[in-house]
Amino acid sequence: MPKNEIDTVTAEFFGAFDNRGGKAADVDRIRRLVVPGGVIVKTGPEFTVYTVEEFIEPRRRLLADGRLLEFAEWETSERTEIAGDIASRFGAYRKSGILDGEPFEGGGTKTIQFVRTPEGWRIAAFAWYDHP
């Protein structure tokens, strides 16, 4: 079932940033989940387009250097459309953690474009918008 596979890839993606309970976040898995040359876009507060490597490295540092602790983000709702070997997902998410000693919560919207590859479903592009 393509939807189940896309759900699994999405959960793996969100789980890559989880460092709760002192465990190390596994942001390196993003390389496996996103196709080479995948496009990553943050819409604000500063509009930024990332390569996979540009996206991973600052997040690896932030999640490992002690500044961001007990962090997790998770999808709260989604709608996914599948047409053959392509799919598009639009979903809401929440996040929480402790940044520089201060607890925080937030959320936003992500859109993820998927393609079916010989290795299974992978992310071709994603973009997000954090709610103010």
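Start by selecting Val39, Phe47 and Val49: together they make a nonpolar surface patch of about 290 Å². Such patches take residues with over 30% relative accessible area and no salt bridge, joining nonpolar side chains (Val, Leu, Ile, Met, Phe, Trp, Tyr) within 5 Å and like charges within 9 Å. A salt bridge would be a side-chain nitrogen of Lys or Arg within 4 Å of a carboxyl oxygen of Asp or Glu, and areas come from the Shrake-Rupley method with a 1.4 Å probe, with only the protein chains shown counting as cover for residues.

This is a predicted model, where local features need pLDDT of at least 70, side-chain atom pairs count only at pLDDT 80 or more, and totals for chains, interfaces and linings use all residues. Residues are numbered from 1 along each chain as its sequence is written, and side-chain values use heavy atoms, leaving out hydrogens and water.

Stay on Val39, which counts as partly exposed because its relative accessibility is 37% (buried is under 20%, exposed over 50%). Val39 sits in strand β1, residues 34-42 (strands are DSSP runs of E, at least two residues, numbered from the N terminus).

Next, select residues 48-50, strand β2, which pairs antiparallel with β1 over 3 bridges (pairing takes at least two DSSP bridges). Look for Ile40 opposite Tyr50, and for the 5 residues of the hairpin joining β1 to β2.

Now try β6, residues 120-130, parallel to β1 over 5 bridges. Here Ile123 is the bridge partner of Val34 and also of Phe114. β6 runs antiparallel to β5, with 10 bridges.

Finish at β4 (residues 86-99) and β5 (residues 102-117), an antiparallel pair with 14 bridges. In their hairpin turn, Asp100 has a positive phi of about 50 degrees.

Terms used
Helix = DSSP H or I, 4+ residues; strand = E, 2+ residues; numbered from the N terminus. Buried < 20%, exposed > 50% of the residue type's maximum accessible area, 1.4 Å probe, protein only.
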